[in-house]
Amino acid sequence: MKPELSTNLCGIKLDNPTVLASGIIGNTGELLKRVGDEGAGAVTTKSISLKPWEGHPSPNVVELKNGLLNAMGLPNPGAEEFIEEIKIAKEGDALVIVSVVESSIQGYADVISVLESAEPDMYELNASCPNVKGGQDISRSPELAGKLLEKACSVTNAPISFKISPDAGKLTDVARAVDEAGASAITAVNTLPAKAIDSKTNLPILSNTRGGLSGELLRPIALRCVSEISDAVEIPIIGTGGVSTGQHAAEMISAGARAVGIGTAVWHHGVGVFKKVSDELSSIMESRGFENVGAIEHGI
Ligand SMILES: Cc1cc2nc3c(=O)[nH]c(=O)nc-3n(C[C@H](O)[C@H](O)[C@H](O)COP(=O)(O)O)c2cc1C
């Protein structure tokens, strides 16, 4: 018998544990729908703010040997403009997670209030972006993170995931604070603050001078964060960072994740990566006798 790949995220069934991470081709409804059609169990939108944000000029991405360094600066069209895109994304099979960003706690609540009419399946609060001013402040403070969750929960009944920084410092304190304040899940992790210098000029390559590291190089750090958070709280974790194979997904679930975010691997290998990861995960489960995704957590 084929292993059961479906998984339960905050009471919602995903056909398989793969999730499109925020910011990678999640900027239109049609693209999000397509990623679902290509096999993702859930799709996360680009982070959306109340008014349009321009982002940083290029160069805003540096391709590394085993990862990416980006400082896109969260360009997005603003909440009102994005309502229609969420509605289109929701026509697909995948669960739609809407990522929200703002520069104040009230701002996050304002964005959610505007987006409520599109009825997203879930929200993700991006309070951990290293590429915008103060973007990681909330993820570094258990007190602020708890306040953010309380405020966000007061304006929606949809489940909310808190996206945490691998650079949070008080990682488990932040995880416990958001759990106690009403978070339904934690997305771990966002990119890790990093820098690249041009070898000829000795100047920073990115226009923003620093950026966030993702991909292969981030995976061991993401695994460590997921396992620490899973020891601290019971709510599900969307383990994100450097996943591009079924074995990586199995490791992330084994570390404590319920679902697995995939970002940089889509950038490098295209949308076929979701089906590839699911198929490989299924083969691994079959060969090791795991009947369902939950069994991996205790078995590897
Ligand atoms: C080009 C790029 C853009 C990103 N934009 C966002 C974003 O808008 N919001 C967000 O929460 N995370 C954003 N991220 C972070 C990813 O969602 C993810 O947390 C991180 O890249 C680690 O996963 P990965 O190694 O699979 O890419 C971005 C990452 C990349 C590479």
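Predicted model: local features only at pLDDT ≥ 70, side-chain atom pairs only at ≥ 80, totals over all residues.
The ligand is surrounded by 27 residues. Ala21, Gly23, Ser214, Gly263 and Thr264 are the closest of these. By class, the shell holds 16 polar residues, nine nonpolar residues and two charged residues.

Gly67 and Leu69 point one way from the strand. Leu68 and Asn70 point the other way. All four residues are buried. Strand 6 pairs with strand 5 (residues 61-64) in the antiparallel sense, through four bridges. Within this pairing, Leu68 is the bridge partner of Glu63. Two residues form the hairpin link between strand 5 and strand 6. Strand 6 also runs antiparallel to strand 12 (residues 211-214), with three bridges between them. Here Asn70 has Gly212 as its bridge partner.

Helix 2 spans residues 79-89. Its buried residues are Ala79, Phe82, Glu85, Ile86 and Ala89. Viewed down the helix axis, these residues fall within an arc of 105 degrees, so they line one face of helix 2. An α-helix has 3.6 residues a turn, so residues three or four places apart point the same way. Glu81 and Glu84 lie on the other side of helix 2 and are exposed. The buried residues of helix 2 pack against two helices and two strands: helix 1 (29-37), helix 3 (105-115), strand 4 (42-44) and strand 7 (95-100).

Technical notes. Residues numbered from 1 in each chain as written. Near = placed C-beta within 6 Å. Nonpolar A, V, L, I, M, F, W, Y, C, P; charged D, E, K, R; others polar. Buried ≥ 20, exposed ≤ 12 C-beta atoms within 10 Å, placed from the backbone. Pairing = 2+ DSSP bridges. Arc of directions from axis to C-beta. Contact = placed C-beta atoms within 7 Å.
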